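Welcome! Take a look at the view below, and then follow the topics one by one.

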There are 2 protein chains.
Amino acid sequence: MRTVIFGGGNSLDNFIARKDHAADWLLWNDEVAAISKENWEKFDTVLMGRKTYEALLRYGTTAYPNVKNYVFSRTMKESPDARVKIISSDAAEFVQELKNQEGKGICVAGGGELAKSLFAADLIDEIGCNIHPVLLGSGIPLFYEMERQIDLELLECKVLKTGCVYVTYRVKH
Amino acid sequence: MRTVIFGGGNSLDNFIARKDHAADWLLWNDEVAAISKENWEKFDTVLMGRKTYEALLRYGTTAYPNVKNYVFSRTMKESPDARVKIISSDAAEFVQELKNQEGKGICVAGGGELAKSLFAADLIDEIGCNIHPVLLGSGIPLFYEMERQIDLELLECKVLKTGCVYVTYRVKH
C-alpha cells in the first residue's frame, strides 16, 4: 500500500499561506532544501485541489516536475499542461485506488480542503509540518475543521537554524 | 517591565480545548508536571476572559491558588471567590498598567479571545505551547484570527515522552 503524505510549511497559528496564497513569509535555507529534496525522492505522485492548482498557475508553475500531477475539480475541464490530469470523480475513491496501485509515495499539496476529505476517509498516513516562528493572523488553514479527531504518533522533531520546528507524524488508523 | 506569557497545551490544528471546553485529550506526565511547576513559579498573576473563567467554575475551580486572579468581563459582576477580581475596563489598558507595576510574570490563561486583544496591543511577550500529537478537528482555538502578523523567536523546543513538542517563543515587539 502506498503512503499518502500531507503537510507543508505552516505558521504556529495553522496557516499554510496568506489569504492571497502568498508564501513570502516562508523561511528557506540549506536545511529546508535538504528536507525538501529527501521528501520529493519519496513521491511519484502529487494531488492538489483546484484552488491550490490555480494558485500554482498564478505563480507561473503548470505542473510539478518528474511526478504524476492530479488536480481534483468538478468545474475545471482541462489543464494548460498536458502532464496534469483533472479528476472530477470522488477524491477519496480515486485516492484509494491510487494507494492500491504499485508506486512510490503520494503527496497531498497545498491548503487543507482536499486533505480534509482525505482525512475523513482515513486515507492520509503521514503528516510533515515545518512550523514557522510566526503568527500570520489570517490565511489559508493547513488543517481545516473536521468531524472527528485524528490521533498521531510523533516520528521526528528537528529544530532548524531559521527557528522553524520540523515535525513529522504517523496517522494512527 | 513584567513579562506577559500566553499559551497552553494545544493540538496540532490549533485548539486548546474541545468545543465544550473538555481537556480530556491532554497528556500529562512527570515532564509536563515539571514544566508546569517551573512556569507557575514565574507568575504571580493570572488573567482570564469570562468564558475561560466560567469553564473553570464548571470544573469546580473558583481561582488559581497563590496568584492574583483577574477576569475580564463587562457582564459578570462578581466572582463566587473573593480572591478573583472582575475587571470591566479596557483589558489592554489594564494589562499595560499591570506590566508597569513591580511583580513577577503575568500568565494569560485559557482560550485565545483575551490573548487576541492583548496581541493587538502588543502586550504579550512570550508564548509557550505544548503541541500534542493529535488533530482535534474542532474546538476552542489557541490563536484566533488577528489583524496583523506577529513575528516570533524560538527560545526552546523539547520533545516529551508523550510525543508532545514543547516550544517557547519570544514575541518580537
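Two residues are in contact if their C-beta atoms, placed from the backbone, lie within 7 Å. Keep that in mind for the helices of chain B, where A91(B), A92(B) and V95(B) in α3(B) meet L114(B), S117(B) and L118(B) in α4(B). Please note that this is a predicted model.

**How the two copies are related**

- Chain B can be superposed on chain A by a rotation of 180° with 0.0 Å of shift along its axis, and the RMSD is 0.0 Å.
- The two copies are thus related as by a two-fold rotation axis.
- Within chain B, N14(B) has the C-alpha nearest that axis, at 3.1 Å from it.
- Both copies use the same surface, as 100% of the contact residues of chain B recur in chain A.

**Where the chains touch**

- Chain A and chain B each bring residues to the contact: 26 residues come from chain B and 26 residues from chain A.
- On the side of chain B that touches chain A, the elements giving two or more residues are β8 (134–135), β10 (150–159) and β11 (165–171) of chain B.
- Which element gives the most to that side of chain B? It is β10(B), with seven residues.
- By type, the residues on this side of chain B divide into 15 nonpolar, five polar and six charged.
- Strand β8 of chain A, residues 134–135, pairs with β10(B) in the antiparallel sense, over two bridges.
- Look for L135(A) here, which stands opposite I150(B) in β10(B).

**The sheet that takes in both chains**

- Nine strands form an open sheet with mixed pairing, in the order β5(A)-β4(A)-β3(A)-β6(A)-β1(A)-β7(A)-β11(A)-β10(A)-β8(B).
- Its edge strands are β5 (84–87) of chain A and β8 of chain B, each of which pairs on one side only.
- Strand β3 of chain A, residues 43–49, is joined to β6(A) by four bridges in the parallel sense.
- The bridge partner of T45(A) in β6(A) is I106(A).
- Helix α4 of chain A, residues 112–120, packs on the sheet and touches β1 (4–11), β3, β4 (68–72), β6 and β10 (150–159) of chain A.
- The direction of this helix makes about 105° with that of β3(A).

**A closer look at β7(A)**

- Is strand β7 of chain A, residues 126–132, mostly covered or mostly uncovered? This strand is mostly covered, with five of its seven residues buried.
- β7(A) pairs with β1(A) in the parallel sense, over seven bridges.
- In that pairing you can find G9(A) opposite N130(A) of β7(A).
- β7(A) also pairs with strand β11 of chain A, residues 165–171, and these two run antiparallel with six bridges between them.
- C129(A) has V167(A) as its bridge partner in β11(A).

**Two helices that cross, in each chain**

- Two packed helices are described by the angle between their axes and the distance between the axes.
- In chain A, the axes of α3(A) and α4(A) come within 9 Å and cross at roughly 70°.
- That makes α3(A) roughly perpendicular to α4(A).
- The residues making this contact are A91(A), A92(A) and V95(A) of α3(A), with L114(A), S117(A) and L118(A) of α4(A).
- These residues divide into five nonpolar, one polar and no charged.
- In chain B, the axes of helix α3 (residues 91–100) and helix α4 (residues 112–120) come within 9 Å and cross at roughly 70°.
- α3(B) and α4(B) are therefore roughly perpendicular to each other.
- The contact of α3(B) with α4(B) is made up of five nonpolar residues, one polar and no charged.

- Where does G103(A) sit? Its place is in the loop between α3 (91–100) and β6 (105–108) of chain A.
- G103(A) is partly exposed, because 13 other C-beta atoms lie within 10 Å.
- Leaving out residues up to four places away in sequence, G103(A) touches R2(A), D44(A) and T45(A).
- G103(A) and T3(A) are 100 residues apart in sequence, and 9.4 Å apart in space from C-alpha to C-alpha.

Technical notes:
Residues numbered from 1 in each chain as written. Chains lettered and ligands numbered in written order. Predicted model: local features only at pLDDT ≥ 70, side-chain atom pairs only at ≥ 80, totals over all residues. Nonpolar A, V, L, I, M, F, W, Y, C, P; charged D, E, K, R; others polar. Pairing = 2+ DSSP bridges. Buried ≥ 20, exposed ≤ 12 C-beta atoms within 10 Å, placed from the backbone. Axes fitted to C-alpha atoms, helices over the stretch in contact; angles between N-to-C directions. Least-squares fit on C-alpha atoms with pLDDT ≥ 70 in both. Parallel < 35°, antiparallel > 145°, perpendicular 65-115°, else oblique.
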